Amino acid sequence: MKTNMKAYLTAGILSVVLLGGCAGQTPEKESGASAGSPEAAMSSEFASSETAQDMIIFEALDTEGNTVSSDIFSGTKLTMVNVWATYCQPCIREMPDLGQLSGEYDKADFQIIGIISDVPEGSNENQIAKAESLIEQTDADYPHLYINESLYNALLTEVIAVPTTFFLDEEGNILDTVVGSKEKDDWKEIIDSLLEES
């Protein structure tokens, strides 16, 4: 009973923290909550002594029920981690493009992972069904992970708006962070540039 209560409490707080914003296209500057905002204050409650760049270690469930760990980065030169939410229209609008991009590169070079920021592990059937339906409707055919405390502490302590996208190398180092949605050609330009540098 205590474990279930802790899981629900954690899930609820994580959802509230990540409901702070939904960013549209942001060509040059980041949008979202400022350092003194309630969202930033709540985020600090979950911040561990390690920052996301110090150590990216997590274990989470994907929408297929598989356990996915931070080892997923090791087999691919560049991983795009797209943090999205079921209520975020800019997130949903760019998912078809992300689905196409995921199929246009060799898996050894590039992969995409989605993190559903407002659907924690153990959510009710309606929340899960909504997320899975959006993934199917947008042909976003790449792994999507449900949020949990491990994933939050590893990657999301600094996330103040969705979509937020991280690019990581095969060792799990963050190479770039983008807040807001982009068109397919813009994402392709970033991906190709980062692959050239690796």
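## Glu104 and its partner

E104 is partly exposed, with a relative accessible area of 40% (buried means under 20%, exposed over 50%, and partly exposed in between, with a 1.4 Å probe and protein chains only). The side chain of E104 meets that of K184 in a salt bridge, with an N to O distance of 2.6 Å (a salt bridge is a side-chain nitrogen of Lys or Arg within 4 Å of a carboxyl oxygen of Asp or Glu). This pair links distant parts of the chain, 80 residues apart: K184 is in helix α6 (residues 184-197) and E104 in helix α3. In contrast to the partly exposed E104, K184 is buried, at a relative accessible area of 19%.

## Basis of the model

The model is predicted: local features need pLDDT of at least 70 and side-chain atom pairs count only at pLDDT 80 or more, while totals for chains, interfaces and linings use all residues. Residues are numbered from 1 along each chain as its sequence is written, and side-chain values use heavy atoms, with hydrogens and water left out.

## Overall architecture

The protein chain contains 6 helices and 7 strands (DSSP runs numbered from the N terminus: helices are H or I with at least four residues, strands E with at least two). Along the sequence these elements follow the order α-α-β-β-β-α-β-α-β-α-β-β-α.

Of the 198 residues in the protein chain, 49% are buried. Among contacts with a separation of 6 or more, 77% come from residues 24 or more positions apart (contact means heavy atoms within 4.5 Å). The chain exposes about 10,000 Å², of which carbon and sulfur atoms supply 48% (accessible areas come from the Shrake-Rupley method with a 1.4 Å probe; for residues, only the protein chains shown count as cover).

L78 lies in strand β3 (residues 78-84) and is buried, at a relative accessible area of 1%. Beyond its neighbours within four places in sequence, L78 is in contact with residues including D109, F110, F167, L168, I191 and L195. The C-alpha atoms of L78 and G172 are separated by 9.2 Å, although these residues are 94 apart along the chain.

## Further salt bridges

By the rule given above, the count of salt bridges is 3. D109 and K77 form one of them through their side chains, at 3.4 Å from N to O. These two residues, 32 apart, link distant parts of the chain: D109 is in the loop between α3 (89-104) and β4 (110-120), and K77 in the loop between β2 (67-69) and β3. Both are partly exposed, D109 at a relative accessible area of 26% and K77 at 40%.

D192 forms a salt bridge with K188, their closest N and O atoms being 4.0 Å apart. D192 and K188 are separated by about one helical turn because they are 4 residues apart in helix α6. D192 is partly exposed at 28% relative accessibility, as is K188 at 29%.

## Negative patch and backbone geometry

E64, E132, E136, D139 and D141 form a negative surface patch. E132 belongs to helix α4 (residues 125-137) and is partly exposed, with a relative accessible area of 33%. (Patches are made of residues with over 30% relative accessible area and no salt bridge; like charges are joined within 9 Å, and nonpolar side chains, namely Val, Leu, Ile, Met, Phe, Trp and Tyr, within 5 Å.)

D139 is in the loop between α4 and β5 (144-147) and is exposed, with a relative accessible area of 57%. Its phi is near 55°, a positive value in a residue other than glycine. The peptide bond from V162 to P163 is cis, with omega near -5°; P163 lies in the loop between α5 (149-156) and β6 (164-169).

Conventions
Lys, Arg positive; Asp, Glu negative; His and termini not counted. Charge placed at Lys NZ, Arg CZ, Asp CG, Glu CD.
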